[in-house]
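This report goes through selected features of the structure shown below.

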Amino acid sequence: MDITLQAPPVSAPTSVEVRGVIRRFGAVTALEDLTLQALEHEVVCVVGPSGCGKSTLLELVCGLQAPDAGSVSGAPAVYMPQRDLLFPWLNALDNAALPLRVAGASRAAARAQAHPLFAELGLDGFERARPEALSGGMRQRVAFLRTLLSGKPVLALDEPFAALDALTRAEVQRWLEEALARTPRTVVLVTHDVEEAVVLGDRVVVLSPRPGRVVAELPVGLPRPRRRTDADVVALRERALAALGVPA
Amino acid sequence: MKARTILLPALLLLVLLGAWELYARLGPLDPLILPAPDQIASSLWHDRGLLWDNLAVTGREVLLGILVSVVAGVGCAIAIHLSATLRRGVYPLLVASQTLPIVIIAPLLVAWFGYDIAPKLAIVALICFFPVTVTTLDALASVDPDAIKLLRTLDASRWQVFRHLEAPAALPGLLSGAKIAVAVAVIGAVLAEQAGSSDGLGHLLLQAIPQLETPRAYAAVVLLSALALLLFGALTLAERLAVPWAPRTKRRNA
């Protein structure tokens, strides 16, 4: 098996530091001695088989759970669950502006602050639309925008594209890359889709089946935007799959 | 579809009324026992002053009673939702309160509160707060836990989670509970009036029968149904305006 540790880039500070974490639920050990780092503005994609504790890892990063052993530290993180979870009683703009409202802004101030980004990221004209009137891809973009507007330096994304069809998924992935290029953040993205991890990540971290621990780290280092058919992407995907124990 | 929702029940009602009219006129029963629909309609017109005055009394009891029960029901639901201790301690008592036979409690409440509006409100509220509590509580409890996690990573306080997520999410449940409540509130008000009062449609009903004014008694029943229907309609409208996002019953073969 090919395990490559990424050489730490020049001087980027660490945004997320998970060190020797153990997390148990009753008799089940979800994570065992898991160590993982994300540097500032790095996109770390965590892949692993179903039930390997990926969601638990994100909740630990967000401080929604505490580890049974080991430590989790780093900059504040915002959680983005699998489904978009837009509030049906708010229109698209108000949904995106929710973090600003929670932070204490008035409704008008929150809208005024959210609107420029809303327009900038291609959601212009949909401000007043109710979530139910939006397509799945649009809903996911609004949910991303809400996550970005939290202003937290770390985004913890739980299978953010899982609910989208293949065509929409590619589109929203490209959109997310653009959004991150404009407002860089540290991203920890968990997915079971190896290809997605290679297309989006600066680094791919492969977890073992439960109890989850890191079995491989693959630096991607390919120019963006990447396409899933690029030879380098395919090669990396095969390496990640091999690390997961999937025969070629 | 709009036309069908009105036409079909109207047609059915017409058929039933026609059958009733025929049976009352040609059947073996004395009109004092079963008046024909036209006699009831005539009573509705001729006794309109008397009926209206008593409808106003009952209507006030029902409206205020529902108001009290919504406030009490929502209060109970929020308190139980926020406190596991209250859920364990109070919820069983609320369920038990619904097993009290109202017919027996009503005279006791009248003896306690007197003949004025207080015992009526107590009885209407006792019947009505329960559906409001249960539906509101269920709606509060069925909020998506992932949405709560999301808000917590946005550093939302307990109050903000309630204000931005739980309260709006519970509103459709509250309104469903209120719709169930209006249907039973009218029954509650009538029972309360019959247990002791000097006016109201329940009182009128009780008096009309020994006075051999059977059509008037039926006219009172018609008005009571109309009152419940009107309130139900008003709540359905309120639902449409206040919670346009709620999944509305689209079960019909649209």
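## Backbone features of chain A

A:Pro225 is found in the loop between S9 and helix H8 (231–244) of chain A; helices (H or I, at least four residues) and strands (E, at least two) are DSSP runs, numbered from the N terminus. The peptide bond leading from A:Arg224 into A:Pro225 is cis, with omega near -10°. A cis bond also joins A:Arg210 to A:Pro211, with omega near -5°. A:Pro211 belongs to the loop between strand S8 (203–207) and strand S9 (214–219) of chain A.

A:Asp33 sits in strand S2 (residues 28–39) of chain A. Its phi is near 50°, a positive value in a residue other than glycine.

## Basis of the values

This is a predicted model, in which local features need pLDDT of at least 70 and side-chain atom pairs count only at pLDDT 80 or more, while totals for chains, interfaces and linings use all residues. Residues are numbered from 1 along each chain as its sequence is written, chains are lettered from A and ligands numbered from 1 in the order in which they are written, and side-chain values use heavy atoms, with hydrogens and water left out.

## The two domains of chain A

Chain A splits into domain 1 (14–76 + 152–244) and domain 2 (87–149), with bounds that come from an automatic or database domain assignment. To the contact, domain 1 of chain A contributes 14 residues and domain 2 of chain A contributes 11 residues; contact means heavy atoms within 4.5 Å. The C-alpha centres of domain 1 and domain 2 of chain A are 25 Å apart. Between these domains of chain A, about 1200 Å² of area is buried, and carbon and sulfur atoms give 70% of that area. Buried area is the accessible area (1.4 Å probe) that two parts lose on being put together, summed over both.

One salt bridge is counted between domain 1 and domain 2 of chain A; the term stands for a side-chain nitrogen of Lys or Arg within 4 Å of a carboxyl oxygen of Asp or Glu. A:Glu171 and A:Arg141 form a salt bridge through their side chains (2.7 Å, N to O). Three residue pairs are in polar contact between domain 1 and domain 2 of chain A (both at pLDDT 80 or more). A polar contact is a pair of N or O atoms within 3.5 Å; within protein, one must be able to donate a hydrogen and the other to accept it, and residues adjacent in sequence count only if both atoms are side-chain atoms.

On the side of domain 1 of chain A that touches domain 2 of chain A, strand S6 (154–158) and helix H6 (166–182) of chain A each supply at least two residues. H6(A) gives the most to this side, with seven residues. By type, the residues of this side of domain 1 of chain A are nine nonpolar, two polar and three charged. Here Ala, Val, Leu, Ile, Met, Phe, Trp, Tyr, Cys and Pro count as nonpolar, Asp, Glu, Lys and Arg as charged, and the others, Gly among them, as polar.

## Where chain B meets chain A

The contact between the chains takes 19 residues from chain B and 22 residues from chain A. The area buried between chain B and chain A is about 1900 Å², with 64% from carbon and sulfur atoms. Four salt bridges are counted between chain B and chain A. The side chains of A:Arg83 and B:Asp144 meet in a salt bridge (2.7 Å, N to O).

Between chain B and chain A, seven residue pairs are in polar contact (both at pLDDT 80 or more). Helix H7 (145–153) and H8 of chain B are the elements that give two or more residues to the side of chain B that touches chain A. H7(B) gives the most to that side, with seven residues. The residues of the side of chain B that touches chain A comprise 10 nonpolar, three polar and six charged.

B:Asp155 lies in the loop between H7 and H8 of chain B. Phi of B:Asp155 is near 65°, a positive value in a residue other than glycine. B:Asp155 is exposed, with a relative accessible area of 54%; buried means under 20% relative accessible area, exposed over 50%, partly exposed in between (1.4 Å probe, protein chains only).

Helix H9 (residues 201–208) of chain B is largely enclosed by the rest of the structure, because six of its eight residues are buried. Those buried in H9(B) are B:Leu201, B:Gly202, B:His203, B:Leu204, B:Leu205 and B:Ala208. They pack against helix H3 (48–82), helix H8 (158–195) and helix H10 (214–242) of chain B.

B:Thr214 is in helix H10 of chain B and counts as buried, at 10% relative accessibility. Apart from neighbours within four places in sequence, B:Thr214 is in contact with B:Pro31, B:Leu32, B:Ile33, B:Pro35 and B:Ala208.
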